[in-house]
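Hi,

Here is the structure I promised to pass on.

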Amino acid sequence: MAHAEKSHTALIWKVFGLLSIITLVEVFLGIKKYDFLYLNNVLGTSWLNWIFLALTLVKAYYIAWYFMHLKEEKKWLRRSIVWSAIFLIAYLSFYLLTEGTALHDAKNLLFN
Amino acid sequence: MDVTLPNQSVKGTEGRPFNASYGKMMMWFFLVSDALTFSGFLGAYGLMRYKFIDTWPIADHVFTHVPFTHTPMPMIYVAFMTFILIFSSVTMVLAVDAGHQMNKKKVTIYMLLTIIGGLIFLGSQAWEWKHFISGDKGAIQLNDGQIIQFVKKDAEGHYYQIGLKEFATHSANERVQHTKSEGIWYKSEASVPEVTLAQVLDGLKNHPEIAIKTENIDLAKREKIIVSGVEATKLLAKAKQVVFGANLKVNEYGKTLFGDFFFFITGFHGFHVLSGILINIIIFFNVILGTYEKRGHYEMIEKAGLYWHFVDLVWVFVFTFFYLV
């Protein structure tokens, strides 16, 4: 293209700061492993693990939207990418993890 | 490739679904399929982890190495690796940004920084693999496949793991390494462990303070169950072999599957990083040669950037599911 586009440098560094802070929080929680977050079970895993999953998804969002420029793509290109991936991955993980628990129960029933 | 057509600008809309160039769109759909491959791997990991939820190794006890120190520090090293990759993503996106402004000099510098970041990450991963493969403490595998480790209480009453070499007796080792010069010339064997099972069991008799960390997890406390005395003796009666480090058949950290998934998933990710670096190097030289300046746009940086950010994106998930959760 002939004309120069507006630079997004400030935004990029902001996103980098955010990703770093989230990673630091994850590492901090991972080292501390507070009992009140870690020693409980909500829908198959601890609160701490749900927090990690949520923070991971936030990181994934910022990487995809601002580093991979999904934000600037046409709405339906974005949707064809994000919705397909999210639907298939959620579907796959739901069945695999449910099945894992079933395998565990069956194994313990047979061998313990 | 349509970007070489002279009558179309990269931002032109004619014949372009979603207003995106062919190359960029195909890169995106490749990444979607690659994301599904990685979810298959991580999903399989989750399946097996839930199946063996009460015996799976605890990551904090496995990935504790940090260069230049022997103090076990979980999380630190892998956090460093994560920062390296995020930072190389930043330099990549800065290169894309500089490309939009047709700033050749800046693109060159940022591409170079991205390549260096990728190389540091790969080097770090190689270091981690080396420590994972060679191991340091050692463990014993029982006849049923279970791995047992050895622990001692410190002054505050916390258990810490000790290495087999620290307590095994130093009786003469009757087993000699089979080498080509001292044996059958066409046969070789894997290196003989530095301590034998007999030496370990003998050493345990002189160290009654040493307890055994089993594979089993106390689900209420989420900690490995530690036994001593009669129960320990019962376990030791089933001892099969001494295990140092990790391979695809057995590892000193616990479940064999854990090691297999580690090699497979981080290996597959590392392979992506490697190919990303190669692509970046090719593009780096093309930037220097002025290929994209002649072409009139730096869209190639954007496409390679998508791949590079995807590698970072996958690492974010590997980091969570392998080291955090």
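Let's begin with the domains of chain B: in this predicted model, the centres of domain 1 of chain B and domain 2 of chain B are 37 Å apart, taken over C-alpha atoms. Domain 1 of chain B covers 15-135 + 258-324, and domain 2 of chain B covers 139-244; such bounds come from an automatic or database domain assignment. Where the two touch, domain 1 of chain B puts in four residues and domain 2 of chain B six residues (a contact needs C-beta atoms, placed from the backbone, within 7 Å). The domain 1 side of that contact in chain B has one nonpolar, two polar and one charged residues (nonpolar is Ala, Val, Leu, Ile, Met, Phe, Trp, Tyr, Cys and Pro; charged is Asp, Glu, Lys and Arg; polar is the others, Gly among them).

Chain A has a domain 1 (7-72) and a domain 2 (74-112), with C-alpha centres 21 Å apart.

One residue I looked at is Lys153(B). Lys153(B) counts as partly exposed because 14 C-beta neighbours lie inside 10 Å (20 or more within 10 Å would be buried, 12 or fewer exposed, and in between is partly exposed, with C-beta atoms placed from the backbone). Leaving out residues up to four places away in sequence, Lys153(B) touches His158(B) and Tyr159(B). The C-alpha atom of Lys153(B) is also 8.0 Å from that of Glu209(B), 56 residues apart along the chain.

On conventions: residues are numbered from 1 along each chain as its sequence is written, and chains are lettered from A and ligands numbered from 1 in the order in which they are written. As the model is predicted, local features need pLDDT of at least 70 and side-chain atom pairs count only at pLDDT 80 or more, while totals for chains, interfaces and linings use all residues.

Cheers
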